[in-house]
Amino acid sequence: MKQMKSDKWKRFLPLLPVVMIAAGVVMVIHTLKKCEQAILIHESHEALLAALKPEAFSLLAYGSAIVIGVGLLLIVGIRLVSRSHREIRALRRKNEAMEQLNRQTRELAHHQRLETIGTLTSSIAHEFNNLLTPIMGYSLMALERVGEEDPELYDGLLEIYGASQKAKTIISRLSDLSRKNSDACIRMVSPDELVRKTLDVAAPAKPEPVEIRLNLNCWEQRIQANELSLSQMLLNLILNSFQAMADGGVLSVETRFDEDTVCFQVTDTGCGIPEDVLPHIFDPFFTTKTEGAGTGLGLAIAAQVAEDHRGTIHVDSRVGQGTAFTVTLPRTFDTKEPENTKS
């Protein structure tokens with residue numbers, strides 16, 4: 001109760017200097033009128049001085065009250081402005097905290113959707129493979145029987161087999177996206193040898209005017225990793241670079257290492273990635289390519305492989321200048337050092 005009363009008094013404190021100034025001005029005017037009357041009444045110089053002396057002290061006192069009131073008013077104004085600034089800063093901090101919370105909520109919902117996609121793809125991939133296997137098998141048998149005696153039927157069967165093979169590749173990519181690394185697949189891998197093997201696999205997809213430059217510095221280094229997953233990750237990055245340089249350019253692949261990590265960097269001089277697209281490039285099924293040119297899984301799988309190996313993947317891109325993907329992996333994937341193996 002006492003606290004509430006003191007708070008009420010505090011509300012009226014800013015009015016105190018205003019009251020002092022107003023009262024001082026009124027009293028000064030009143031004193032000046034009294035001085036005027038004294039001048040009219042008293043004729044002698046001595047009597048006038050005696051009459052004005054107390055009024056002079058009154059003017060001094062009331063003027064001091066006005067000056068003090070003005071000073072207090074300035075202090076109150078400065079405090080009010082300072083308090084307003086503090087409240088504005090506090091509101092900004094609250095607003096930023098709310099925005100951060102909203103971003104985290106959206107990211108959590110996004111990750112939950114990705115987990116749902118992973119669960120669904122892992123559960124249906126096997127069933128799709130069971131359906132595609134007989135389609136591919138019977139189409140191959142039909143192709144062997146028909147031969148080229150009936151070109152129209154042969155081409156139709158060939159289209160069936162090709163479409164089935166493409167569908168199986170997509171299902172395989174979906175399975176890779178949702179499947180974690182198995183410890184049984186972890187082995188010692190040479191980063192430089194891995195890059196060379198992957199480039200050999202990607203060679204048929206290389207556009208003729210694209211030049212490949214290698215800067216491999218990890219030939220004597222070994223990392224514990226899933227070689228197949230890493231090869232697929234690099235292959236997806238390299239194929240993306242090839243597609244970005246259909247009219248020519250330079251693809252640079254670099255490996256480097258320090259005491260704890262090994263880095264793979266794939267850089268191209270292609271068209272680059274717009275800023276509004278960059279935040280979404282690792283999302284599954286997100287693609288800016290024309291229909292049929294991509295499934296939107298390549299970079300999502302690359303990000304998943306880096307995460308499975310407890311590493312990171314970073315992209316730096318500028319429109320019209322090119323794109324650089326940097327994958328950083330720990331040199332030891334597992335906490336257990338393999339026996340009779342030098343890192």
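Visitor: Which residues in α6 meet which residues in α7?

Guide: This is a predicted model. From α6, the residues S229, L230, Q232, M233, N236, L237 and N240 take part. On the α7 side they meet G298, L299, I301, A302, V305 and A306.

Visitor: How many of those are nonpolar, polar or charged?

Guide: The contact of α6 with α7 has eight nonpolar residues, five polar and no charged.

Visitor: At what angle do the axes of α6 and α7 cross?

Guide: They cross at roughly 145°, and the axes come within 9 Å. The crossing is left-handed.

Visitor: Is α7 largely enclosed or exposed, and why?

Guide: α7 is largely enclosed by the rest of the structure, because ten of its eleven residues are buried.

Visitor: What comes just after α7?

Guide: Just after the helix, R310 takes a positive phi of about 60°.

Visitor: Which strands does α7 lie across?

Guide: α7, residues 298–308, lies across β6 and β7. The helix runs at about 140° to β6.

Visitor: OK, the sheet then. What is the strand order?

Guide: The order is β2-β4-β5-β7-β6, in an open sheet of five strands with mixed pairing.

Visitor: Which strands stand at the edges?

Guide: β2 (210–216) and β6 (312–318) do. Each has a single partner strand, so one side of each is left without a neighbour in the sheet. Neighbouring strands of this sheet are turned by 10° against each other on average, direction ignored.

Visitor: And what does α6 touch there?

Guide: Helix α6, residues 227–244, packs on the sheet and touches β2, β4, β5, β6 and β7. Its direction makes about 20° with that of β5.

Visitor: In which sense do β4 and β5 pair?

Guide: Strand β4 (residues 249–257) pairs with strand β5 (residues 261–268) in the antiparallel sense, over seven bridges. In one of the bridges, E254 is partnered by Q265 in β5.

Visitor: What holds strands together in general?

Guide: Strands of a sheet pair through backbone hydrogen bonds, in parallel or antiparallel fashion.

Visitor: Back to E254. Which residue forms a salt bridge with E254?

Guide: R256 does, with the closest N and O atoms 3.5 Å apart. R256 counts as partly exposed, at 30% relative accessibility.

Visitor: How many salt bridges are found in the whole structure?

Guide: A search of the whole structure finds six. One of them joins the side chains of D316 and R318, at 3.1 Å from N to O. D316 is partly exposed at 38% relative accessibility, and R318 is partly exposed at 46%.

Visitor: Which residues are linked in a network of salt bridges?

Guide: R187, E193, K197 and E227 are. Within that group, the side chains of E193 and K197 meet at 3.4 Å, N to O.

Visitor: Where do E193 and K197 lie?

Guide: Both are in helix α5 (residues 191–202), four residues apart, which is about one turn of the helix.

Visitor: What is T328 in contact with, leaving aside its neighbours within four places in sequence?

Guide: T328 contacts T261, V262, C263, G311 and T312. The C-alpha atoms of T328 and C263 are separated by 4.5 Å, though the two residues are 65 residues apart along the chain.

Visitor: What share of contacts in the protein join residues at least 24 apart?

Guide: Among contacts between residues at least 6 apart in sequence, 73% do.

Visitor: Last bit, the overall picture. How many helices and strands?

Guide: The protein has seven helices and seven strands. From the N terminus on, the elements run α-α-α-α-β-α-β-β-α-β-β-α-β-β.

Visitor: And what percentage of the residues are buried?

Guide: Buried residues make up 30% of the 343 residues in the protein.

Notes:
Residues numbered from 1 in each chain as written. Predicted model: local features only at pLDDT ≥ 70, side-chain atom pairs only at ≥ 80, totals over all residues. Heavy atoms only, no water. Pairing = 2+ DSSP bridges. Helix = DSSP H or I, 4+ residues; strand = E, 2+ residues; numbered from the N terminus. Axes fitted to C-alpha atoms, helices over the stretch in contact; angles between N-to-C directions. Contact = heavy atoms within 4.5 Å. Left-handed = near helix turned anticlockwise from the far one by under 90°. Nonpolar A, V, L, I, M, F, W, Y, C, P; charged D, E, K, R; others polar. Salt bridge = Lys/Arg side-chain N within 4 Å of Asp/Glu carboxyl O. Buried < 20%, exposed > 50% of the residue type's maximum accessible area, 1.4 Å probe, protein only.
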